[in-house]
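Welcome! Please open the model in your viewer and keep the selection tool at hand. We will go from stop to stop, and each one tells you what to pick and what is there.

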Amino acid sequence: MSYPGMTDLKLKEQTIFERSRPGREGFSLPEEDLSSAEKLLPENFKRKELDLPELSEIDVVRHYTRLSTYNFSIDHGFYPLGSCTMKYNPKINEKMARMSGFANLHPEAPEDTAQGTLKMMYEMQNMLSEIGGFAATTLNPSAGAHGEYVGLGIIRSYFDKIGDTKRKKIIIPDSAHGTNPASCTLNGFEVVLLESNEKGKVCVDCLKSMLNDEIAGIMLTNPNTLGVFESDIIEITKAVHDAGALVYGDGANMNAILGVARPGDMGIDVLHYNLHKTFSTPHGGGGPGAGPVGVCEKLVDFLPDPLVVKDGDKYAFRNLPDSMGRVRAFYGNMGVTLRAFVYLLEYGRDHIAEIAENAVLNANYIKACLKDIYHLKYKSDTLHEVVFDDSNLENGVTTMDLAKALIDRGFHPPTVYFPLIVPGAIMIEPTETESKETLDSFIEAMRNIYETAKSDPQNILKAPLNTAVSRPDETLAARKPVLTYCKEGD
Ligand SMILES: Cc1ncc(COP(=O)(O)O)c(C=O)c1O
């Protein structure tokens, strides 16, 4: 028997509508307040029925508190979701982003009254330019994918401006994130796929053979989604430039090289950062995010409007001569930018490289402790993440089962089945914010799952056993989400 107060996660939490009881209240309002307003409303605008749940305050508090325990977050436990850089978000970032001068500023406020925020944006633009080795950076894009869309828009605008309109194709390695081809298509480019070689890297000779006067550029993630650094990057960018094309860098993996190496110095012309990954601002579930885009000198004029500039001792918005246009309302997700700004100031110029150094160390520690049992398709050295696969797991246990079994052991699963070039991929990215004790407990859980798959496979095949919901139909949930409550029969 289960009772509502028990922390038995198997107990189905009723919806707030099902918990409703007629006449129960969780508020008190002054009695006459609404009557005059109500009289002013024409009859035909008044709702006859409003089916709101009726609950006491304690019912509501307990309902939502219980629901929150069904969730998993970076504040709850280890979250090694590869390619997502789920690092701890320091609370000082939150505090600063909530300062009323920033948080309550109206986006239409005159520039003179918004000098503090403009200064922060200007300095953030400059810090990101310096980190990436770029001439300028826009803070406008709202996510990594939006940054990609903007970066490719800049490339398109550049070729339009110089009248080289034949260039309609972008080369993308087969290890790339799915948003890369989508961003190309949305910009009217055709995608040409480049196969990775046996080391999991770009085959430079294959790339060279693909370059011609129809190629606008290449989209490269470095280190790539296997965590492997494209060590031929200088030869790659030179070959692309010699062919008259441009190099787009997907900066989602900046955590591997932050403060150690600069994409701009490698010949990358345009790159997006994921502030919500590399620069420690919360993310998940589709947002919020920020995907600033840095560009080399010859692309500055094509950046989206507006850029923040310094005019004497004043900060102001400035539109650019050949801008690709506006890409969103106002100026980017300021709360996210501000959190990332605080994070950078906390580290400071002298310590920023420690982020990448420790992220790489942590990922390689996990790799070294698990590679005797988990299979690695690509044996190349890796930086901030490691991609195992499920081919050593026995008794039909798959990557998906392993992911579910990790939930039972108190960990968020790694990224699964990505990158696509590794069948059954298990992509682990611990980030720099985790202690050796946390890494050791995760390694122990991974080893335990490997052994349990041999001795008691049902335990893994039926996992998770300790959660409110076990294995929902994820495809159905994604394709036909039920997001509003309907009474049975409605
Ligand atoms: C390599 C890579 N590129 C691009 C993206 C897209 O970034 P966002 O989720 O911020 O749109 C991701 C997201 O996971 C990624 O891993």
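Before we start, one term: two strands count as a pair if DSSP finds at least two bridges between them. Keep in mind, too, that this is a predicted model.

**Stop 1: an open sheet**

Select β10, β12 and β11. They make an open sheet of 3 strands in the order β10-β12-β11, and their pairing is antiparallel. Which strands stand at the edges? They are β10 (386–388) and β11 (415–416); each has a single partner strand, so one side of each is left without a neighbour in the sheet. Now zoom in on β11 and β12 (residues 426–428): 2 bridges join these antiparallel strands. Show V416 and you will find I426 of β12 standing opposite.

**Stop 2: a hairpin**

Next, select residues 307–311, strand β8, and residues 314–318, strand β9. These two strands run antiparallel and are joined by 5 bridges. Together β8 and β9 form a hairpin, with 2 residues between them. Click on G312 in the turn, which has a positive phi of about 65 degrees. Then look for D311, which stands opposite K314 in β9.

**Stop 3: two domains**

Colour residues 91–347 as domain 1 and residues 354–477 as domain 2. How far apart do their C-alpha centres lie? The answer is 30 Å. Where the domains touch, 19 residues of domain 1 and 16 residues of domain 2 take part in the contact. On the domain 1 side, these are 9 nonpolar, 8 polar and 2 charged residues.

**Stop 4: the largest nonpolar core**

Now select I154, I218, Y248, V270 and V295. Of the 109 residues in the largest nonpolar core, these five touch the most other members.

Apart from its neighbours within four places in sequence, V270 is in contact with G151, I154, I155, L246, Y248, V293, V295 and L299.

Terms used
Residues are numbered from 1 along each chain as its sequence is written. This is a predicted model: local features need pLDDT of at least 70, side-chain atom pairs count only at pLDDT 80 or more; totals for chains, interfaces and linings use all residues. A nonpolar core is a set of buried Ala, Val, Leu, Ile, Met, Phe, Trp, Tyr and Cys residues joined through C-beta atoms within 7 Å. A residue is buried if 20 or more other C-beta atoms lie within 10 Å of its own, exposed if 12 or fewer, and partly exposed in between; C-beta atoms are placed from the backbone. Two residues are in contact if their C-beta atoms, placed from the backbone, lie within 7 Å. Helices (H or I, at least four residues) and strands (E, at least two) are DSSP runs, numbered from the N terminus. Domain bounds come from an automatic or database domain assignment. Ala, Val, Leu, Ile, Met, Phe, Trp, Tyr, Cys and Pro count as nonpolar, Asp, Glu, Lys and Arg as charged, and the others, Gly among them, as polar.
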